[in-house]
There are 2 protein chains.
Amino acid sequence: MATLSDIGVAAGINLLSAFVFLLAFAILRLQPFNDRVYFPKWYLKGLRSSPSRSGTFVKKFVNLDFRSYLRFLNWMPEALKMPELELIDHAGLDSAVYLRIYLIGLKIFVPITFLAWAVLVPVNYTNKTLELQLKNVTSSDIDKLSISNVPEGSDRFWTHIVMAYAFTFWTCYVLLKEYEKVANMRLQFLVSEKRRPDQFTVLVRNVPPDSDESVSETVEHFFLVNHPDTYLTHQVVCNANKLAKLVKKRKSKQNWLDYYQLKYSRNNAKRPIMKTGFLGLWGEKVDAIDHHITEIEKLSDEIAEERERVLKDPKSIMPAAFVSFKSRWGAAVCAQTQQSRNPTLWLTDWAPEPRDVYWQNLSIPYVSIAVRRLIMAVAFFFLTFFFMIPIASVQALATIEGLEKAAPFLKALIEIPFIKSVIQGFLPGIVLKLFLIFLPTILMIMSKFEGFTSISSLERRSATRYYLFNLVNVFLGSVIAGSALDQLNTFIKQSANEIPKTIGVAVPMRATFFITYIMVDGWAGIAAEILMLKPLIIYHLKNTFLVKTEKDREEAMNPGSLSFNVGEPRIQLYFLLGMVYATVTPVLLPFIVVFFGLAYVVFRHQIINVYNQEYESAAAFWPDVHGRIIIALLVSHVALIGLLSTKHLAQAAPLLITLAVLTIWFYRFCKARYEPAFVRYPLQEAVMKDTLERARDSNFNLKPYLQNAYIHPVFKEEDDDEEEEVVKLENESVLVPTKRQSRRNTPVPSKMSGASSQSLPEAVPEHSVP
Amino acid sequence: MATLSDIGVAAGINLLSAFVFLLAFAILRLQPFNDRVYFPKWYLKGLRSSPSRSGTFVKKFVNLDFRSYLRFLNWMPEALKMPELELIDHAGLDSAVYLRIYLIGLKIFVPITFLAWAVLVPVNYTNKTLELQLKNVTSSDIDKLSISNVPEGSDRFWTHIVMAYAFTFWTCYVLLKEYEKVANMRLQFLVSEKRRPDQFTVLVRNVPPDSDESVSETVEHFFLVNHPDTYLTHQVVCNANKLAKLVKKRKSKQNWLDYYQLKYSRNNAKRPIMKTGFLGLWGEKVDAIDHHITEIEKLSDEIAEERERVLKDPKSIMPAAFVSFKSRWGAAVCAQTQQSRNPTLWLTDWAPEPRDVYWQNLSIPYVSIAVRRLIMAVAFFFLTFFFMIPIASVQALATIEGLEKAAPFLKALIEIPFIKSVIQGFLPGIVLKLFLIFLPTILMIMSKFEGFTSISSLERRSATRYYLFNLVNVFLGSVIAGSALDQLNTFIKQSANEIPKTIGVAVPMRATFFITYIMVDGWAGIAAEILMLKPLIIYHLKNTFLVKTEKDREEAMNPGSLSFNVGEPRIQLYFLLGMVYATVTPVLLPFIVVFFGLAYVVFRHQIINVYNQEYESAAAFWPDVHGRIIIALLVSHVALIGLLSTKHLAQAAPLLITLAVLTIWFYRFCKARYEPAFVRYPLQEAVMKDTLERARDSNFNLKPYLQNAYIHPVFKEEDDDEEEEVVKLENESVLVPTKRQSRRNTPVPSKMSGASSQSLPEAVPEHSVP
């Protein structure tokens, strides 16, 4: 058990490292040559251009204005200054609502912290249990402030129960208000938005095959019959996966060509040479520039051919289509109703934003999806509970003895004391860390395999899984100290009323561990986030070796995005810790509050200046966030039940079970009350918008506007890159404004968008278009 | 442990009693004076009239044709003769599909029985474990055929595991086929049906209050705006509960008046006298006929007043309405979409059939329903696990000592040996039995409190609860032998892998008990069902004392209905027993098969000749039936896992867990694949029917047809009973055909319908109307 001063030292170290990160950030961000790393969002919006165009050579790279260094922390108030409405306009609703998760953390935990310190800490501290028990051991100050200090069977535990009620009710109240607020924000956002193709479009999957008609005809006939008054047009989905691969390959070759040309232009004496083999390590030596030019030409031919094939071959048409309607009402009706007798055919769903579509998954048939879900559920179970098995075997290999056995020739090297200690101290940890770094990617691949059709739903699914993994392996794994497999064993072998006890007893003992965890991961980690070390290094590498033009420089920026699938589960861990320890060890609460405060400021800054969100789901993730905070509440109840029953206060259990039942009921109430706002689209809203629009802009021709909204991004890029390849479109006359409209409204994901646009204003996201 | 011969004797007794019931039925049904008890369905359909109109006096009451007695069992082939399509036409889809539950029992268990006897019985019988173990005890033959006879750790258990797979796959296959079949039957039924008001109508609840407009205006405006092309008309719902009560009271007075008048007409000398006090036991003596006439007049005035008030007073208009559309498409769209921003307002749902509406619950607001659900969930938990507490205390009172203490004056009476033995032997059992008899009623009241709006959904909810109660208290209660409270205690205190063991060990030991149970409840009980003793007695009592006219005689019939809420959970118990014992004690299977066979014939007869279904939900209950058979499968897997792990074959557990996971996946697959057919209404179907109808009958005026389809039954009755009270309706000219149409299509529940109709053809249900 750590004493308060131990914790103080740890806090000092972490605060210092956080401070160092922040200081480094404050200095680096002021240097003009880092401008594109720390303010890419503004470049993408076209509101900022390279500062290195004027001034002396030195000034281009280093900021020599010393006054600006004095105000090195003023990014913080700046980040907080932008009002929420402007933020939504600037970065989208997803980002704004994502920030509200931190805000809700503050709203929940600041009052709880005050209440806990005002009531629970004195109640715990004025006991003498630990002093009596541990006369010869130095008593830990933290434990004196925790529930462990209250003697068994004491009436003081009723305070804790009352506090559990108070905390739960307060959390539920905040959750309710917030759900209402976010639901309204979402509807407001959907209402206030400009015309968007996805408002009129429904994604239809599992179109049944018809021997007499093509997919396109089948779709048209079906909707002309079943939605006669509202059906407008449709676009079938082509299987352009191979084409996309070829285009990607050509782009990479083009990059290399650029690199070699740049190299040649700098050093005209020597034409660059390369090897054709694997990774350029062996094989025939050839002239790099010529080689790439021929390669690219070959690929271009292939692409043209493949493209022809995709457009002509009926086999490349997938049994899915984007069906557009004359009004939002029509689309809302179609998305919410069942079309066919057979509920696995003609599946209709709101079309995601064009840039949110995950094209590869559009053609998976229904039965296949059902089987894939089963396989992934089983795989995830094994991943969660048995992931330690392969890792442990790798770790066994990574010990001194293991290495010496596996590779005897390394023996001499390993025996050097320094290397030996490194291997012993770090390698097993690094193996685990590597796995944990790749875990979100693994989970994302699993979600993709399951057949979700939009990037946002893929991320939501991955986030759910990552959260469960964290709950089992990080939280329970730390509390019960053992791998998930051991836990599973423990839980199977223990009775239902032993399990809460096991958790309850362990929870207060792990408080100091979690405090340290919060400081390392939550304080220093968040401060490191703002420094953006990886993008910084990559940008400068690219800038040195590849960049020739402004366009290249733009491509070299990697603003990144929020990556909901990694970030949200991490926040949820703090909610969980806060809830569980609120009644048990209130000392932990201030650390949580500091985390939420710091993270809120940091991420607000990042969202305003850096991240470029790849899609907009209008806060569709909120029900998940809400549900997980409820899970945190329930875990806290279970832990408290277990803890109190070991303290000879088993009669408290019914009271706390009641609290848990009420919490579950609250969840179900909220689900029924607010979740539809995130899943369905009320007809009232649709009619209102339709009417408004008809009044305002009655001559607008919707059909050409929607005609090409949902074409595979690979075709769009082609159009931009090679303007000689004009796609034959029906309405040649309205083509130009149409294309502009749809492009403006549907910028492809950041990197691609940057790649395809010739000039800056092209890449402006939709919100700034009037 | 009973031997085979013990079981044989018990089987003989029960077969004999079943035979006696069937014989009594065969004789009683041939007597003309019982005709209305055993063939009421045909009377209600108007296809049969009283046979007692011609012939001699004796012939009117007793069948003297002895040849007909010889063929006393020929109702059985007769019951099986009617083809299913005709049956649907005759008794509705609900009844036809209900019979399929028995049929599915036969389809599942006949092959399983053959397989089990061909494979498992020899495998079990050729061991000598029990002979060795129980040398000095007479070995039970049944146990020698069961899994108990296989020695611990034997490889023979793999046969049982393979069989468990075979049985599960076969059951799932049958379930899948059956789900498909029933879903098709349902859609076919909905398609082939005549025009019905509920096809065009949506029930809207939680209409928000508006200070400027009445409910009716609010509804009209909302739907004119949001469904401009399809909205036709609507009917608001009045709170006529008080009116209905008054009408009911008047009807009962009218009955008494009839009774006294009949008495007076038989014995003209003496005018009947009655007392005005409680139950006619005390109070002032008055002339009964005059008294009732004045009472009825008073009530009629009150009714007229109340009626006026309901129709005028805006406060009696509830915030709910039946909204009708111009086409089935319009109604399907409205029922499946969300209307308003606030998902707890403007809740739309398919309107139930007019006779299926549960009027009292139409006005409950959303939040209240959420709270009621919570209360009932908690209440049901306590009912299931703690119901023994009040019953045990009553039982304690019902012992000799208890009675003597509570009522010392009864001491002399109780001490009589015969009465003493009756009290000791029967009273505690009777207390429990009384509770169990009232349980479905209690559950029904709970469902009503929860706020379901149709009788069919009330019955489905009650059935679910009754099933759970049976599962916990009858099945687990018998297996683990103890009250549910004890079980709860056991389960909480045991670890997750001990619970299956507890069940698994106990299951084979209780086989003989369940065999006896099946014979008593399943064989003799079903045979008693066909005798209809209670309706028979009541009919004859009424016939003697009350009946004057044909109409009265019709009222005296009580055909009853299927009562899904009681019947279906009872069948499910047999599925559960069959599944659990299929691998453990195959001897039990033939008993199950006999039950399903007998019950199928008996209920087919009852449905054809007796029951008068009160509503038609088009087999909406099938997903529940399907789900519960899946639960039976899962329980059987758990029991087998437990059993095998006590037999030192714990390595079988993963295999069986895999089987359980596959079963759960199968359930989810079926749910996603077929359940929508029972919940939603595909637009394709709607369009098809709309088009057909428009082509066939283009001039039909839908508005007057739908205008009065959904008025509270109390107003309808009034119209019939007192034709001077003509309701003022807008379209006087189309009133007459409208009324007839809607009445034909919506007969009120059997008893009421009988009561209100003046002549027989009025009560003909819709299916016989061309």
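Let me start with B:Arg628, which is buried, with a relative accessible area of 4%. This is a predicted model, so that value, like the others today, is computed from predicted coordinates. The cut-off for calling a residue buried is under 20% relative accessible area, and therefore 4% qualifies.

What does B:Arg628 meet in a salt bridge? The partner is the side chain of B:Asp624, with 3.7 Å from N to O. B:Asp624 is partly exposed, at 25% relative accessible area.

A:Glu295 and A:Lys298 join their side chains in a salt bridge, at 3.5 Å from N to O. Both lie in helix α15 of chain A, residues 288-312, and because they are 3 residues apart, they are separated by about one helical turn. A:Lys298 is exposed, at 52%.

Another salt bridge in chain A links A:Lys671 to A:Glu675, where the closest N and O atoms are 3.4 Å apart. A:Lys671 counts as partly exposed, with 37% relative accessibility. There is also a network of salt bridges, made up of A:Glu84, A:Arg100, A:Lys107 and A:Glu178. Over all chains, the structure holds 28 salt bridges.

Now the contact between the chains. How many salt bridges are counted between chain A and chain B? The count is 0. Polar contacts are another matter: 6 residue pairs are found in polar contact across the interface, with both residues at pLDDT 80 or more. On the side of chain A that touches chain B, the residues divide into 27 nonpolar, 15 polar and 5 charged.

As for extent, chain A brings 47 residues to the contact and chain B brings 47 residues. The area buried between chain A and chain B is about 4,100 Å², and carbon and sulfur atoms give 59% of that. Which three residues supply more than any other three of the area that chain A buries against chain B? They are A:Gln338, A:Arg341 and A:Trp665, which supply 17% of that area.

Several helices of chain A each supply at least two residues to the side that touches chain B, among them α11 (157-192), α13 (215-226) and α31 (652-674). You can find these ranges in the structure above.

Next, how the copies are arranged. Chain A superposes on chain B by a rotation of 180° with 0.0 Å of shift along the axis, and the RMSD is 0.1 Å. That is the relation of a two-fold axis. The same surface serves both copies, in that 100% of the contact residues of chain A recur in chain B. Which residue of chain A comes closest to the rotation axis? A:Ser495 does, with its C-alpha at 1.6 Å.

Two single residues next. A:Ser216 is in helix α13 of chain A. With 29% relative accessibility, A:Ser216 counts as partly exposed. Leaving out residues up to four places away in sequence, A:Ser216 touches A:His234 and A:Val236. The C-alpha atoms of A:Ser216 and A:Pro319 are separated by 8.9 Å, although the two residues are 103 apart along the chain.

The other residue is B:His160, in helix α11 of chain B, residues 157-192. At 0% relative accessibility, B:His160 counts as buried. What is B:His160 in contact with, leaving aside its neighbours within four places in sequence? The list includes B:Leu120, B:Val123, B:Asn124 and B:Ile147, and also B:Thr583 and B:Leu640.

I will finish with chain A as a whole. Chain A has 37 helices and 6 strands. Of its 770 residues, 52% are buried. Among contacts in chain A between residues at least 6 apart in sequence, 81% join residues at least 24 apart.

Conventions. Residues are numbered from 1 along each chain as its sequence is written. Chains are lettered from A and ligands numbered from 1 in the order in which they are written. This is a predicted model: local features need pLDDT of at least 70, side-chain atom pairs count only at pLDDT 80 or more; totals for chains, interfaces and linings use all residues. Side-chain values use heavy atoms; hydrogens and water are left out. Contact means heavy atoms within 4.5 Å. Buried area is the accessible area (1.4 Å probe) that two parts lose on being put together, summed over both. A salt bridge is a side-chain nitrogen of Lys or Arg within 4 Å of a carboxyl oxygen of Asp or Glu. A polar contact is a pair of N or O atoms within 3.5 Å; within protein, one must be able to donate a hydrogen and the other to accept it, and residues adjacent in sequence count only if both atoms are side-chain atoms. Helices (H or I, at least four residues) and strands (E, at least two) are DSSP runs, numbered from the N terminus. Ala, Val, Leu, Ile, Met, Phe, Trp, Tyr, Cys and Pro count as nonpolar, Asp, Glu, Lys and Arg as charged, and the others, Gly among them, as polar. Buried means under 20% relative accessible area, exposed over 50%, partly exposed in between (1.4 Å probe, protein chains only). Copies are superposed by least squares on the C-alpha atoms of residues with pLDDT of at least 70 in both.
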